[in-house]
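Please prepare a short briefing on the structure shown below.

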Amino acid sequence: MLKFALKRVGLALLTLWVIITLTFLLMHNIPGNPFAQEGTMPKAVYENLQSYYNLDKPLLVQYGLYLQSLLQLDFGPSLKSSSISVNDYIKSGFPVSLHLGTQAMLIAITFGLIFGVIASLNRNKWPDYLSMVLAIIGISVPNFILATILINYFAVEWQLFPVATWKSWSHTVLPSIALAMMPMAYIARLMRSSMLEVLSQDYILTAKAKGLSRNKVILKHAIRNAMLPVVTVLGILIANLVTGSFIIESIFGIPGMGEMFVKGIFNRDYPVILGSTIFYSAILIFLILIVDLAYTWIDPRIKISGERK
Amino acid sequence: MKKNLARSLIFLLSIVFVLSGCFGGGTNNESTPEESADPGEKTEETGPKILRLNNSSEPGSLHPGTAQGTHDSWILEHAFEGLTKKTPEGEIIPGMAREWETSEDGLTWTFHLRDDIKWSNGDPVTAADFEYAWKYALNPESASTYAYQLYYLEGGQEFNEGKADEDQVGVTAEDDQTLVVKLAQPTPYFLDLTSFYTYYPISQKVQEENPKWYQEAESYVSNGAFKLTEWKHKESMKLEKNEHYYEQDKIKLDEVHFVIIDDENTAWQMYQAGELDLVYPLPQDVQGQLLANNDPEFVKGPDLAVYYFNFNNEVKPFNNPKVRKALSMAIDRQTIVEHVAQGGQIPAYSVVPPGIPDVSGDYQENTGNLFEENLDEAKKLLEEGLAEEGMDQLPNFTLTYNTSEGHKAIAEAVQEMWRKNLGVEMTLENVEFQVKLDREKAGDYTISRAGWVGDYVDPMTFIDLWVTDGPYNDANWSNPEYDKLVEVAKTTMDQEERMNAMHEAEKILMDEMPILPVYFYTKPFTVKPHVTGVYTPINSYPQFIYADIE
């Protein structure tokens, strides 16, 4: 197990390095320039900016400088803000996005599993149709529309919650729901189909034939086995949720890190693009690693290949 | 095997709980709900007077020397004050300077500062602070984007280019209250510039003690009507009345609270729910509705900006003025403004927007319409123009705009008008803003959408754009006569001669139509009836220095 984990960590670092290098090269090769603006910019002003941020140096030197500062965990300055660095962005934004994402994930997992199980046990009856209609709505209605509807009714019309900003717990309710809908629907559908598959397996029949009660069969045999596919996607879902959603954060005025990904690209803010990509990749790689390790723990039939050797 | 169910459940939930336990609860602002902007909050007459606004983006820099753009300047204009300032009517009046005089050649300006002016930390504001601030912005090491706003100073451009010394820059503090400014050439609108934020002073003492003073509210020092007392990055800002301001009895507001929300719809919904007192900018469809309903809270502020299309004058047949003119005459600007843009914009039949004073009256009014929309004439011109270029019909071409719902709607309207009126087919193409700028600079486009916001209140800020090889002449147009008139306007101090030269130049421009003006922007915003005294200078956001809450 330890050998496996070490190997995976080494592989993760290598993956990160490849991502950094690729992003660095791609970023410098897309059209556009961080300092371009509609209007006159005298040559001297442009050159001063370039040299201030070391962008006038050869690409290889810039790459070296970046890796060097990265080793000291310094993601560099933002080219668009002289007040907050990329580290500040992450330090102040990540806890907020994490908080929001966690709440959304709790809602999504809880209700997603419940809906999925209910639907599968009542196949082709009304609870099934209801859950799946909800799930289809959840998947097909974009979350910015859902967010706008939530704000319009719960905040403007009925004044139950504040419209936007991030100040108290009541400010977090609407964005959490808006963010949870998609993953919830996804989990519900996945859980339903996986449950149906498991329920048709021979060992379920065996369990029933043994004379186990329906509840025991479902709880101890069906759900456990049906959950594996859900665990598989969980790593990616969690990584997406906790690193922030640009749309939801922008609509609700939440100072998370979701905007880093989108605005960094729009502004060609090189350090922000790199910082957010590296950070996201690191989290994703970490979560996938955990999920992989968890497989063996949940289902002992799955063996780690490295372990046998 | 039985343990496995429990294991899987534990695993699912533990990831979430562990994450939330580690980071979620402890590190966020959940625990500080002390100050709320809840719908119920109302300003009592006895309580402090608080104005609540939205700044649609985190300011990039709140340092006058490196600030650029409205998200920075809206805060700076209320926290700082330059040598001069403007009345709500747009008249330039003394600010930090009590009076000033000009030498006969217009090159030397001497400003005498007030003696009761202080920084928000209580230190006196001196002429040396101005000298220091201007040289700071011009210093190549500061990498200031707006340094060129100070190129009017003698030696300013050379210093910024690294070709001259700091000592050669034409600004000197003769004593604590006398600032002598030497200009590179006579600049009739220099006084207007001294109210612009790049010309604000900074405290030399503060800057030298803590070069990062402007990054956090705790160390922020300014000299204007308000001071910055709280700045939660990307979240909110708080301004409070500056008790050291020399005219503090004229300031009625106690505090101004900004939230930072970049979604226009959300800001509008917060306004509807009573969480904001003033919203700018508004969503496009909301503007249209408010305008149509004659909403009393809706204000159509003036703006110093023009929306236009560039013709690439190096692409056949758009090198032919007749073709360009025909296209310009064949769109219905009134319809675009009323039904597409919907913000009460003004159809443009010239390029310099209204609101700039002429020798007498308004410059744009004196200009009048320099061309008219006329379909028959347009068809005739198109035919003639194409014949001159040896073509019998306009080949399919592309109009490029930067991705935005608003630009898309206008481009589609123009596409339809040209198809209907001239039988001309074209393709629309949206690209990222940065890509559009790149392609314009490279001449890799046929027609492109553009907009220009004036830097200062003088027609020159627009006329200057289309001189031969000018840095923003993306149309690649060139006309020696035009260049000559611009040169005349730039070098003479005689107001009448200047204005005449610019009027003449604008006529040539609209006669040749290297660009196609569509409309002059407005600044539509809404403000609650209990807020009074907000005014909109032509080249900045709504100002609330003298605002009051009743």
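**Aromatic rings and a helix in a predicted model**

The charged end of Lys528(B) sits over the ring of Tyr271(B), at 4.0 Å from the ring centre; a charge sits over a ring if NZ of Lys or CZ of Arg is within 6 Å of the ring centre and within 35 degrees of the ring normal. The model is predicted, so local features need pLDDT of at least 70 and side-chain atom pairs count only at pLDDT 80 or more, while totals for chains, interfaces and linings use all residues. Residues are numbered from 1 along each chain as its sequence is written, chains are lettered from A and ligands numbered from 1 in the order in which they are written, and side-chain values use heavy atoms, with hydrogens and water left out.

**Charge over a ring**

- Arg449(B) likewise places its charged end over a ring, that of Tyr307(B), 4.9 Å from the centre.

**Aromatic pairs**

- A pair of aromatic rings is described by the distance of the centres and the angle of the planes.
- Over all chains, a search of the whole structure finds 47 aromatic pairs; rings of Phe, Tyr and Trp (its six-membered ring) pair if their centres lie within 6.5 Å, and planes under 30 degrees apart count as stacked, over 60 as edge-to-face and the rest as tilted.
- The pair of Phe24(A) and Tyr66(A) is tilted, because the ring centres are 6.5 Å apart and the planes stand at 40 degrees.
- This pair links distant parts of the chain: Phe24(A) belongs to helix α1 (residues 2-29) of chain A and Tyr66(A) to helix α3 (residues 59-71) of chain A, 42 residues apart. Helices (H or I, at least four residues) and strands (E, at least two) are DSSP runs, numbered from the N terminus.
- Phe24(A) is buried, with a relative accessible area of 3%, and Tyr66(A) is buried at 10%. Buried means under 20% relative accessible area, exposed over 50%, and partly exposed in between (1.4 Å probe, protein chains only).
- Tyr535(B) and Tyr546(B) form a stacked pair, because their ring centres are 6.4 Å apart and their planes at 15 degrees.
- Tyr535(B) counts as buried at 11% relative accessibility, whereas Tyr546(B) counts as partly exposed at 26%.
- A cluster linked by ring pairs comprises Trp100(B), Trp109(B), Phe111(B), Phe130(B), Trp134(B), Phe190(B) and Tyr199(B).

**Helix α3(A)**

- The 13 residues of α3(A) reach 18 Å from the first C-alpha to the last, close to the 18 Å expected at 1.5 Å a residue; the expected span is 1.5 Å times one less than the number of residues.
- The buried residues in α3(A) are Gln62(A), Tyr63(A), Tyr66(A), Ser69(A) and Leu70(A).
- These residues lie on the same side of α3(A), because they cover an arc of only 135 degrees around the axis, the arc being that of the directions from the helix axis to the C-beta atoms.
- The buried residues of α3(A) pack against α1 and α13 (270-298) of chain A, with contact meaning heavy atoms within 4.5 Å.
- Exposed residues Leu60(A) and Leu71(A) are carried on the face of α3(A) turned away from its buried side.

**Confidence**

- The model scores ipTM 0.82 and pTM 0.84.
- Chain B averages a pLDDT of 89, and 92% of its residues score at least 70; pLDDT is the predictor's confidence in each residue, from 0 to 100.
- Over residues 15-44 of chain B, pLDDT stays under 50.
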